[in-house]
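The tour goes stop by stop.

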Amino acid sequence: MKPIYQIIRKISFNEEIENDKVQLTPCNNGYIARNAGPFKGQVPIADYSSINREGYIYQQKVLYKLDYSNITYQLLVGDRCCPYSCSFCRISKNTESIKEASQVANEMIALHRQYGCRNFSLICNEMNPSRSYAAEFVDTLLSYDNHLNWFCYLRPNNLSADELLAIKKAGCVLIRFGVESGSQRILDSMNKKLYVSEIEQILADSHKAGIWNHINIMTGYLYESQDDINETISFLRKNRGYIDSIRVNPFFIPIGSPIHLNPQEFNIEIVEETSSHIVFHQRDISWEEKKKQISHATSQVLAECKRLGIGYAGILPNLVCTSLCHFGQKEQGKIWLRENHNYLWEPVSPDTAKWKLAHPENPSVEINPWEKIYGQRGENYQTRIDHEIHSNP
Ligand code: SF4
């Protein structure tokens, strides 16, 4: 609460902010509030002692249209801490610690013993910042004599067929992979430290293990060419049998990402920081042209996914997890999802898909439609303070 109080004092009385957690940056019509540096505290342990479990279960049954009486519990592993430095990632190295792998597994086990929690969403960037971290997590869960279900993000890197089988056996039902592109040139320029051939091996082995593979693809990255887009489309065609869902993310520059902090290194010029996005020029094209290129790339990838029948269900991972846990295997879960939530196979924007789940009675509404997120994430993405700062009265 203290940072919020200090922001209010700053806006009202122009008092200086005393702690090192909040930084206010002027922008058009106001200020942007953001973390000033890495969070150094302990990542809190999950506590579900006081939640209204019956209420959540009832709400889930109504929204999901599924008679299933377990809910997915969110478990914070350690947000915003990653040893990698992908160019577009604003969350790399924002915190200094994550929980030990065995601690995460033991928290799940303790929650199961105490409250009967069976399904978990692991909140972190990736559960395999290293091979040994993922192995310790899986081994701890495998040593428990009950089966728990979970989903998470994993880097599509350093995962053998045997490791993926063990991950599945330890309860994983859904993996979200930050694949980003089918073009090795683009992956290299993003500094992803990922390799297209290895990604293909991991998707195939994960599919064979019975895990739902969700991938994120970024469209319109810096200096992305038509050849790069074609390579992403070829990648989707080649691996369609192993990809269960996709999220298409039009490129934008996140605040605090390596691109934002070192634009020269990426051969761009930042011309304006607004409260909702960063305007830039590539060396070869202007901002307006770049937005058109992002739009063009996004439309091509979305059209191909539609043609290939690759849906977008992983945009709602809790829903997918619930259907997979209920049906016990992914093909049946997918059939049920298509029958009951078919909007997840339509190329609507991610926020529109979330609206359709929550408001089935009003399906024509669009939230942050594609044309509004080319080059930006959406209006609610950054913390914006639309106020003049007044002098101390
Ligand atoms: S995109 Fe993923 S792997 Fe890359 S820095 Fe961010 S969290 Fe780490």
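Which residues does cysteine 89 touch, not counting residues up to four places away in sequence? Select cysteine 89 and show its contacts: they are Ser257 and Pro258. Keep in mind that this is a predicted model. Cysteine 89 sits in the loop between β3 (72-78) and α3 (101-115).

**Overview**

Zoom out to the whole chain. The protein has 393 residues, and 52% of them are buried. Colour by secondary structure: there are 13 helices and eleven strands. Take the contacts with a separation of 6 or more: 70% of them join residues 24 or more positions apart.

**The parallel sheet**

Select strands β3 to β8. They form an open sheet of six strands in the order β3-β4-β5-β6-β7-β8, with parallel pairing. Which strands stand at the edges? They are β3 and β8 (245-250). Each has a single partner strand, so one side of each lacks a neighbour in the sheet. Direction ignored, neighbouring strands here are turned by 20 degrees against each other on average. As background, strands of a sheet pair through backbone hydrogen bonds, either parallel or antiparallel.

Six bridges pair β3 with strand β4 (residues 119-124) in the parallel sense. Pick glycine 78 and look across: cysteine 124 in β4 stands opposite.

Asparagine 216 has its bridge partner in β8, arginine 247. Is β8 enclosed or open? Six of the six residues of β8 are buried, so the strand is largely enclosed by the rest of the structure. Check both faces. On one side are Ser245, Arg247 and Asn249, all buried. On the other are Ile246, Val248 and Pro250, also buried.

For context, most residues other than glycine have a negative phi. Is glutamate 180 buried or exposed? Its relative accessibility is 7%, under the 20% cut-off, so glutamate 180 counts as buried.

Next, select tyrosine 223. It is in the loop between β7 and α8. Tyrosine 223 also has a positive phi, about 60 degrees, although it is not a glycine.

**Helices α7 and α8**

Show helix α7 (residues 196-209) with helix α8 (residues 226-239). Their axes come within 11 Å and cross at roughly 25 degrees. With the limit for this class at under 35 degrees, α7 and α8 are therefore roughly parallel to each other. The crossing of α7 with α8 is right-handed. Turn on side chains at the contact. From α7, pick Val196, Ile199, Glu200 and Leu203; from α8, the residues they meet are Phe235, Lys238 and Asn239. The residues of this contact divide into four nonpolar, one polar and two charged.

**The β9-β10 hairpin**

Go on to strand β9 (residues 268-273) and its partner β10. The two run antiparallel and are joined by five bridges. How many residues lie between β9 and β10? There are four, and the two strands form a hairpin. Select glutamate 272 and find its bridge partner in β10, valine 279. Then take strand β10 (residues 278-282) alone. It is mostly covered, with four of its five residues buried.

**Helices α11 and α12**

For the last stop, select helix α11 (residues 317-327) and helix α12 (residues 330-340). Their axes are 8 Å apart, and the helices pack at an angle of about 125 degrees. That angle makes α11 oblique to α12. The crossing of α11 and α12 is right-handed. Show side chains once more. On the α11 side are Leu319, Val320, Ser323, Leu324 and Phe327, which meet Lys330, Gln332, Gly333, Trp336 and Leu337 in α12. What is the make-up of the contact of α11 with α12? Its residues divide into six nonpolar, three polar and one charged.

Terms used: Residues numbered from 1 in each chain as written. Predicted model: local features only at pLDDT ≥ 70, side-chain atom pairs only at ≥ 80, totals over all residues. Heavy atoms only, no water. Buried < 20%, exposed > 50% of the residue type's maximum accessible area, 1.4 Å probe, protein only. Pairing = 2+ DSSP bridges. Axes fitted to C-alpha atoms, helices over the stretch in contact; angles between N-to-C directions. Parallel < 35°, antiparallel > 145°, perpendicular 65-115°, else oblique. Left-handed = near helix turned anticlockwise from the far one by under 90°. Contact = heavy atoms within 4.5 Å. Nonpolar A, V, L, I, M, F, W, Y, C, P; charged D, E, K, R; others polar.
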